[in-house]
Amino acid sequence: MKPTELLEILSVAEKLKCNTRHCYTSSGRHESVAEHSWRVSLMAMLLTEEFPEADMDRVIRMCLIHDLGEAFTGDIPAFHKTAADTEKEDSLLNGWVQTLPETVKAEFSALLAEMNAMESREAKIYKALDKMEAVIQHNESDIATWLPLEYGLQLTYGEENVRFSPYMQALKAEVNRRTLQKIEESKTTPAGAQ
């Protein structure tokens, strides 16, 4: 890959550092799309031993590129995102991918097709991790930043995506336990208390 081509790809990817997500970090600022993608990728790396039959390098690659479309559209929270939004994001991303150097174009196209099909074990792992990272981050944010609809959504989000794996089901159960604990503690902690 020519240095100019690399720099052009990185310039697009840099937008994920600028585009923020709905969720907040534990320090009280909006997280960026890049931070979410990084931690989903880290989760995949950390879970390599839990999925010995899967190509976890491929999963990590999926995690790294899964939100590249948001470089063009920004992030739209799942509870607001429509089919039209998804179609627009996919169209812009696929259009950009077609301009990439041949080897990158081939890899990104294959990964995106596999992710959209959601048939391979690797795609299922990536999608489950994507959903779990979001609810984990919500648990790490101040509950004062939660919208009313998120109290219930936090417990159901990603539920269908973890069904394929006993490990992912156990992770979701632990995240839910922590969610319920956070909600319960928020009822007993006076506002402004440390």
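# Close-up views of the predicted model

**Figure 1. Surroundings of L129.** Beyond the residues up to four places away in sequence, L129 touches V40, M43, A44, L47, V59 and M168 (contact: heavy atoms within 4.5 Å). The structure is a predicted model, in which local features need pLDDT of at least 70 and side-chain atom pairs count only at pLDDT 80 or more, whereas totals for chains, interfaces and linings use all residues. Residues are numbered from 1 along each chain as its sequence is written, and side-chain values use heavy atoms, with hydrogens and water left out.

**Figure 2. The largest nonpolar core.** This core has 39 residues, of which V59, W96, F108, L129, M132 and M168 touch the most other members. A nonpolar core is a set of buried Ala, Val, Leu, Ile, Met, Phe, Trp, Tyr and Cys residues joined through side-chain atoms within 4.5 Å; buried means under 20% relative accessible area, exposed over 50%, and partly exposed in between (1.4 Å probe, protein chains only). Two or more residues each come from α1 (3–13), α3 (33–46), α4 (56–65), α6 (83–97), α7 (102–117), α8 (121–140) and α10 (166–188). Helix α8 gives the most to this core, with eight residues. Helices (H or I, at least four residues) and strands (E, at least two) are DSSP runs, numbered from the N terminus. In soluble globular proteins, nonpolar side chains tend to be buried together.

Figure 3. I9 belongs to helix α1 and is buried, with 12% relative accessibility. Apart from neighbours within four places in sequence, I9 contacts M1, W96, L100, P101 and V104. I9 and P101 are 92 residues apart along the chain, and their C-alpha atoms are separated by 9.7 Å. L7 is also found in helix α1, but L7 counts as exposed at 57% relative accessibility. Together M1, L6, L7 and L10 make a nonpolar surface patch of about 420 Å². Patches are made of residues with over 30% relative accessible area and no salt bridge, with nonpolar side chains (Val, Leu, Ile, Met, Phe, Trp, Tyr) joined within 5 Å and like charges within 9 Å; accessible areas come from the Shrake-Rupley method with a 1.4 Å probe, and for residues only the protein chains shown count as cover.

**Figure 4. The salt bridge between D75 and R21.** The whole structure holds 15 salt bridges (a side-chain nitrogen of Lys or Arg within 4 Å of a carboxyl oxygen of Asp or Glu). In the pair of D75 and R21, the closest N and O atoms are 3.9 Å apart. A network of salt bridges links R21, E31, D67 and D75. Side chains of opposite charge can pair when their charged atoms come close.

Figure 5. E140 and R39 meet through their side chains at 2.8 Å, N to O. Since E140 lies in helix α8 and R39 in helix α3, the pair ties together parts that are 101 residues apart in sequence. E140 is partly exposed, with a relative accessible area of 35%, whereas R39 is buried at 18%. The salt bridge formed by the side chains of E89 and K81 has an N to O distance of 2.8 Å. Here E89 is buried, with a relative accessible area of 8%, and K81 is partly exposed at 28%.

**Figure 6. Cysteines C18 and C23.** The structure has zero disulfides (a pair of cysteine sulfur atoms within 2.5 Å). For C18, the nearest cysteine sulfur is that of C23, 19 Å away. C18 is partly exposed, with a relative accessible area of 48%. For C23, the nearest cysteine sulfur is that of C63, at 18 Å. C23 counts as buried, at 6% relative accessibility.

**Figure 7. The loop between α7 and α8.** M118 lies in this loop and has a positive phi of about 55°, although M118 is not a glycine. The relative accessible area of M118 is 26%, which makes M118 partly exposed. E119 lies in the loop between α7 and α8 and counts as exposed, at 66% relative accessibility. Not counting residues up to four places away in sequence, E119 touches E114 and K124.
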